[in-house]
Amino acid sequence: MSVKAVHLTKDEFRATKQPGSFFVTEPGSDREQFFWYRCPCGCGRQGALSVGNGFKPADPPSWLWDGSLEAPTLTPSIDHRGHWHGWLISGEWKVC
């Protein structure tokens, strides 16, 4: 089963609990950005992933984002606090 990733503005994101919705912050002075998302399972929980600074497996973890807002891909997989684990590939959240 997959869930479509839907890009929203920050205000739209805060006003909804739409599964798979997301917004991306503007890069900071250190070029770091955050990819905020709603858990694809439908529980309404939100998460934030560090993107925009390249993949650094050290502390804190970060994800490689392809820059797309229409059909984003993130690597590696996303483990939402041990609650949901899967991939965001070409705009689809797919459970492992």
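Q: Buried means under 20% relative accessible area, exposed over 50%, and partly exposed in between (1.4 Å probe, protein chains only). What share of the chain counts as buried?
A: Of its 96 residues, 36% count as buried. The model is a predicted one: local features need pLDDT of at least 70 and side-chain atom pairs pLDDT 80 or more, while totals for chains, interfaces and linings use all residues. Residues are numbered from 1 along each chain as its sequence is written, and side-chain values use heavy atoms, leaving out hydrogens and water.

Q: How do you know whether serine 21 is buried or exposed?
A: Set its value against the cut-offs: serine 21 has 0% relative accessibility, which is under 20%, so it counts as buried. Serine 21 lies in strand E3.

Q: And what makes glycine 67 "partly exposed"?
A: Its relative accessibility is 41%, a value between 20% and 50%, so the in-between label applies. You will find glycine 67 in the loop between E6 and E7. Its C-alpha atom is 9.4 Å from that of valine 51, which is 16 residues away along the chain.

Q: Which residues is serine 21 in contact with, its neighbours within four places in sequence aside?
A: Contact means heavy atoms within 4.5 Å. Serine 21 is in contact with Val6, Leu8, Phe13, Thr16, Trp36, Tyr37 and Arg38.

Q: What makes the pair of serine 21 and glutamine 18 a polar contact?
A: The term asks for N or O atoms within 3.5 Å; within protein, one must be able to donate a hydrogen and the other to accept it, and residues adjacent in sequence count only if both atoms are side-chain atoms. Here the backbone oxygen of glutamine 18 is 2.7 Å from a polar atom of the side chain of serine 21, so the distance is within the 3.5 Å limit.

Q: How many helices and strands does the chain have, and what is called a strand?
A: There are one helix and nine strands. Both are DSSP runs numbered from the N terminus: helices are H or I runs of at least four residues, and strands are E runs of at least two. Along the sequence, the pattern reads β-β-α-β-β-β-β-β-β-β.

Q: Why are E3 and E4 called paired strands?
A: Strands pair if DSSP finds at least two bridges between them. Three bridges join E3 (residues 21–24) to E4 (residues 33–38), running antiparallel, so the pair meets that rule. In one of these bridges, phenylalanine 22 has tyrosine 37 as its partner.

Q: What joins E4 to E5?
A: Six bridges do, and the strands run antiparallel. Tyrosine 37 stands opposite glycine 47, and arginine 38 stands opposite glutamine 46.

Q: What is the strand order of the open sheet of four strands, and what makes E2 and E5 its edges?
A: The order is E2-E3-E4-E5, with mixed pairing. E2 (6–7) and E5 each have a single partner strand, so one side of each lacks a neighbour in the sheet.

Q: What about the open sheet of five strands?
A: Its order is E1-E9-E8-E7-E6, with antiparallel pairing. E1 (2–4) and E6 (64–65) are at the edges, because each has a single partner strand. Within this sheet, E7 (residues 74–80) and E8 (residues 84–89) share four bridges, one of which links histidine 80 with tryptophan 84. In E7 sits proline 76, joined to threonine 75 by a cis peptide bond with omega of about 5 degrees.

Q: What makes a group of residues a nonpolar core, and which members of the largest one touch the most others?
A: A core is a set of buried Ala, Val, Leu, Ile, Met, Phe, Trp, Tyr and Cys residues joined through side-chain atoms within 4.5 Å. The largest has 16 residues, with Phe35, Tyr37, Leu49, Leu74, Ile78, Leu88 and Trp93 touching the most other members. E3, E4, E5, E7 and E8 each give two or more residues to this core.
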